[in-house]
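This report sets out the strand pairing, the nonpolar cores and the side-chain pairs of one protein model. Please keep the sequence and the coordinates in view while reading.

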Amino acid sequence: YCRQSSPIMDNLNIQSNHATDEGGGFNCWGGNPVITNTSISNNTAHSGAGMDLINSNPIIESSEISGNIAGSGGMGGISLIASNPSFKNVTISSNLANSMCGGLFIGNGSLPTFESVILSDNQATGRGGGIVTENSAPVLEHLTLANNISSTGSGIYLSKNSHPIIRNTILANELGNEINANAMYGASIPNISYSCIPGGQSSVQ
């Protein structure tokens, strides 16, 4: 647990922990940690099972977040609330949410940056297998989303006035639509360019 602090974390293996609420592996509120060469795996929580970041701006490099399981609160891999992390050479894989968002949740105006990031084999029993954006407009670039699973928005699910820019990104996911925008709580419109979506326009709804 990291609160208003900025530790340097290198060569760690954070695994098999449990939180009854948020952040089974790592929970950070108002901090700016540097996390490198670290594995966060097989943790469980109500939500944000791997990592839960609130008002935080960490640097995360050469690390893996995998095999974490979230309960009904969702966000199996990573949850971002009003946070602006930097991800470089990071793999987010094989996480499960027994609700919404298997891999990465981007909410409340969060603006993460990405370089060589893979989201693969994440699964949500609800919406958004790979990424869910909510009330945010992130730039989703230099990403590969593959084999993520959910019934709606297997790659990316947009909710509540989300307007992401998607570019230089590969989407190749299973089941459902690659990108799904829910207009129930305000229109969400993606801007897509220079990206590979094997399903084509029909996979974007």
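The sections below go from basis and sheet to cores, side-chain pairs and single residues.

## Basis of the report

The model is predicted; local features need pLDDT of at least 70, side-chain atom pairs count only at pLDDT 80 or more, and totals for chains, interfaces and linings use all residues. Residues are numbered from 1 along each chain as its sequence is written, and side-chain values use heavy atoms, with hydrogens and water left out.

## Strands and sheet

Strands (E, at least two residues) and helices (H or I, at least four) are DSSP runs numbered from the N terminus. Two strands are taken to pair if DSSP finds at least two bridges between them. An open sheet of eight strands shows parallel pairing in the order E1-E5-E9-E12-E15-E18-E21-E24. Its edges are strand E1 (2-3) and strand E24 (179-181), each of which pairs on one side only. Within this order, strand E5 (residues 26-29) runs parallel to strand E9 (residues 51-54), and four bridges join the two. Cys28 stands opposite Leu53 of E9.

Parallel pairing is also found between E16 and strand E20 (residues 143-149), over four bridges. There, Ser120 has Ala146 in E20 as its bridge partner. E20 is in turn joined by four bridges to strand E23 (residues 170-174), again in a parallel arrangement. Ala146 has Ala172 in E23 as its bridge partner.

## Nonpolar cores

A nonpolar core is a set of buried Ala, Val, Leu, Ile, Met, Phe, Trp, Tyr and Cys residues joined through side-chain atoms within 4.5 Å. Buried means under 20% relative accessible area, exposed means over 50%, and partly exposed covers the range in between (1.4 Å probe, protein chains only). The largest core has 31 residues, and Phe26, Met51 and Ile156 have the most contacts inside it. Apart from it lies another core of five residues, among them Met75, Phe105, Val132 and Tyr157.

Contact is defined as heavy atoms within 4.5 Å. Neighbours within four places in sequence aside, Ile156 is in contact with Ile131, Leu140, Leu145, Ile166, Leu171, Glu178, Ile179 and Asn180.

## Salt bridges

The structure holds two salt bridges, the criterion being a side-chain nitrogen of Lys or Arg within 4 Å of a carboxyl oxygen of Asp or Glu. In one, Lys160 is paired with Glu134, with 3.9 Å between the closest N and O atoms. This pair links distant parts of the chain, 26 residues apart: Lys160 lies in the loop between strand E21 (156-159) and strand E22 (165-167), and Glu134 lies in strand E18 (residues 131-134). Lys160 is partly exposed at a relative accessible area of 28%, whereas Glu134 is buried at 14%.

In the other, Glu141 and Arg167 meet at 2.9 Å, N to O. This pair also links distant parts of the chain, with Glu141 in strand E19 (residues 139-141) and Arg167 in strand E22, 26 residues apart. Glu141 is buried, with a relative accessible area of 19%; Arg167 is partly exposed, with 30%.

## Aromatic rings

The structure holds one aromatic pair. Phe87 and Phe114 form this pair, which is stacked, at 5.6 Å centre to centre and 10 degrees between the planes. Rings of Phe, Tyr and Trp (its six-membered ring) pair if their centres lie within 6.5 Å; planes under 30 degrees apart count as stacked, over 60 as edge-to-face and the rest as tilted. Phe87 belongs to strand E13 (residues 86-93) and Phe114 to strand E16 (residues 113-120), 27 residues apart. Both Phe87 and Phe114 are buried.

The charged end of Arg3 sits over the ring of Trp29, 3.9 Å from its centre. The condition is NZ of Lys or CZ of Arg within 6 Å of the ring centre and within 35 degrees of the ring normal.

Ile59 is in strand E10 (residues 59-66) and is partly exposed at 35% relative accessibility. Not counting residues up to four places away in sequence, Ile59 touches Pro33, Val34, Ile35 and Ser86. Between Ile59 and Ile81 the C-alpha to C-alpha separation is 15 Å, with the two residues 22 apart in sequence.

Thr169, in the loop between E22 and E23, is buried at 2% relative accessibility. With residues up to four places away in sequence not counted, Thr169 touches Leu140, Glu141, His142, Leu143, Leu145, Tyr194, Ser195 and Cys196.
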